[in-house]
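Please keep the sequence and the three-dimensional view at hand while reading.

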Amino acid sequence: MPCTTVLVGRKASNDGSTMIARTDDGHFDVKKLIVVNPKDQPKKYTSKISHVEIDLPDNPLRYTSCPSVDPKEGVWAATGINEANVGMTATETITSNPRVLAADPLVVYKKAKTRKEKDVPGGIGEEDIVVLVLPYIRTAREGVLRLAKLLEEYGTYESNGIAFNDDHEVWWLETIGGHHWMARKIPEDSVVINPNQFGMDGFDLKDAFGKQEANLCSADLKEFIRDNHLDLNQDGVFNPRYIFGSRRDMDHIYNTPRAWFMGRYLTPESHRWDGPDAEFTPESDNIPWSLKPDRKVAAEDVKYMLSGHYQGTPYDPYISRDTGKRGMYRSIGINRTGVTSICQIRPDVPDPIKGIEWIIFGSTTFSAALPVYTNVSRMPDYLSKVTLDTSTENYYWSSRLIGALADPCYASAVQNIERYELAVMTKGRKLIREYDQMMMSTGNYSMTEEANEKLSAMAKEETVSTLNKVLLTASEKMKNGYNLADN
């Protein structure tokens, strides 16, 4: 699924947290935030898309999930944090090339053509991966290893990137063809930016086949590269992006500009992103996968990057003057996003309150990020009881309505949108801070659900208020407006 991923190492964040975040850019998928308790986790999983059946381990952990409201095409859990405080987001659709896909073909479901034949199941994919992995892991590294085992046994029908985090580490895994894979622990002082391309631009093979401290991969990866003549690198350099990734004209419209915008935001001083002497342009193929930011990064920064539409540049689709470049690149914050989450694992609080999930429904450009505790048995109705029909009684549809109304009158509505985003994040942080202190001082960590109800009520109040304002603005800008005084 076309998405954008941001990963933040603990020494790159403002409070020592690790963060993994991704926009889930389906086709206006209706999403909700729920908690999957152990009794609700299936013992056997069957994929709707690939029809593969997989027996699942006993004793699953509780976890949060952002599934599709309509189950007809599968779960599509997207993202979550489990009760061991391990976060996961899956998946970032990435690119590959014919050399890799011919050497290790994707495992696609094949329907029988005659009665004598049998259907052939496909591999696993975005529909399945969170449900198959997140309930059974207690560290980010364990997430990589469990997913790797599933990929090797069942294969995958698509090329994907998957992120895991715990309170110390962030890991990123990228699939290679149908069964191969590689994974890296991201540098603790760095931020990774990954926009729908094979991202890794460096990998330590010696570590992967030795101590495995920060690099993991398929056991036969060296032979796979050698036997299929995949290595395009020169002078002994090992850049996985050149071997397993793509270099298409479409990347320069759809993918690399997003990396440029985020890199420009993270390192405005240490790299040149604009002008004739720019190190990187929106169409550069060598934008770094990970960057050490010029200043520490907070959840607000992640939200800003994932809301990006090239603001402050000639490429902004909302810019008032015609620059000749307006809207020429694919924005990060787009219209069809279902859900975006920031899975934050905090190091300086007790285990029961380490996990915070920032939830954003609809287009990130117009939506607010609401933090909630993840160590709970249920989520508030405003977040979890989402209908397929449009309604102002839940966060998902209200967010979608705000975006659809504000987009045509962006210049007039943007001030109310900015105030809305600021209010929800500020009041959300304040409530989290208050409940953190109450729970740590009393030792009573059962107040997480009470806190989430208050957070949800606050979000509803701010959302309804903003919807009222944006609706009025949109109504005033209707093309059929006319008054007696207009004569």
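Thr5 stands opposite Asn194 in strand 12. The model is a predicted one, in which local features need pLDDT of at least 70 and side-chain atom pairs count only at pLDDT 80 or more, while totals for chains, interfaces and linings use all residues. Residues are numbered from 1 along each chain as its sequence is written, and side-chain values use heavy atoms, with hydrogens and water left out.

Strands (E, at least two residues) and helices (H or I, at least four residues) are DSSP runs, numbered from the N terminus. Two strands are said to pair if DSSP finds at least two bridges between them. Strand 1 (residues 3-8) pairs with strand 12 in the antiparallel sense, over four bridges. Strand 12 also pairs with strand 14 (residues 290-291), again in the antiparallel sense, over two bridges. In this second pairing, Val192 stands opposite Ser290.

The side chains of strand 12 (residues 191-194) are divided between two directions: Val191 and Ile193 point one way, Val192 and Asn194 the other way, and all are buried. Here buried means under 20% relative accessible area, exposed means over 50%, and partly exposed lies in between (1.4 Å probe, protein chains only).

Strands of a sheet pair through backbone hydrogen bonds, either parallel or antiparallel. In this model, an open sheet of seven strands has the order 14-12-1-2-15-16-17, with antiparallel pairing. Strand 14 and strand 17 (370-373) stand at the edges with a single partner strand each, so one side of each has no neighbour in the sheet.

Strand 2 (residues 18-24) and strand 15 (residues 339-345) run antiparallel and are joined by seven bridges. Asp24 stands opposite Val339 in this pairing. Strand 15 also pairs with strand 16 (residues 355-361) in the antiparallel sense over seven bridges, and Ile342 stands opposite Trp358 there.

Which residues of strand 15 point one way, and which the other way? Val339, Ser341, Cys343 and Ile345 point one way, whereas Thr340, Ile342 and Gln344 point the other way. Seven of the seven residues of strand 15 are buried, so this strand is largely enclosed by the rest of the structure.

Helix 12 (residues 410-442) packs with helix 13 (residues 448-476) at an angle of about 170°, and their axes are 10 Å apart. Axes are lines fitted to C-alpha atoms, for helices over the stretch in contact, and angles run from 0 to 180 degrees between N-to-C directions. The two helices are therefore roughly antiparallel to each other; angles under 35 degrees count as roughly parallel, over 145 as roughly antiparallel, 65 to 115 as roughly perpendicular and the rest as oblique. The contact of helix 12 with helix 13 has 13 nonpolar, seven polar and five charged residues. In this classification, Ala, Val, Leu, Ile, Met, Phe, Trp, Tyr, Cys and Pro count as nonpolar, Asp, Glu, Lys and Arg as charged, and the others, Gly among them, as polar.

Arg400 is found in helix 11 (residues 395-406) and is partly exposed, with a relative accessible area of 22%. The C-alpha atoms of Arg400 and Gly362 are separated by 5.0 Å, although these residues are 38 residues apart along the chain.

## Backbone features

Most residues other than glycine have a negative phi, and most peptide bonds are trans. The peptide bond from Ala90 to Thr91 is cis, with omega near 10°, and Thr91 has its place in strand 8 (residues 87-93).

Gln212 has a positive phi, near 55°. Gln212 lies in the loop between helix 4 (205-208) and strand 13 (215-217), and is partly exposed, with a relative accessible area of 34%. His229 likewise has a positive phi, near 50°. The loop between helix 5 (221-227) and helix 6 (240-244) holds His229, which is exposed, with a relative accessible area of 66%.

## The enclosed cavity

A cavity is a set of points, on a 1 Å grid over the protein atoms alone, where a 1.4 Å probe fits but cannot get out; lining residues have an atom within 4 Å of a point. Grid points are joined across faces, edges and corners, and a volume is the space filled by probe spheres set on the points. The count comes to one cavity of 30 Å³ or more, and the largest cavity holds about 40 Å³ of space.

Tyr265, Leu266, Pro293, Arg295, Lys296, Val297 and Asp301 line the largest cavity. By class, this lining has four nonpolar, no polar and three charged residues.

Notes:
1 Å grid on protein atoms, 1.4 Å probe; cavity = no way out; pocket = protein on both sides within 12 Å on 5 of 7 lines; lining within 4 Å.
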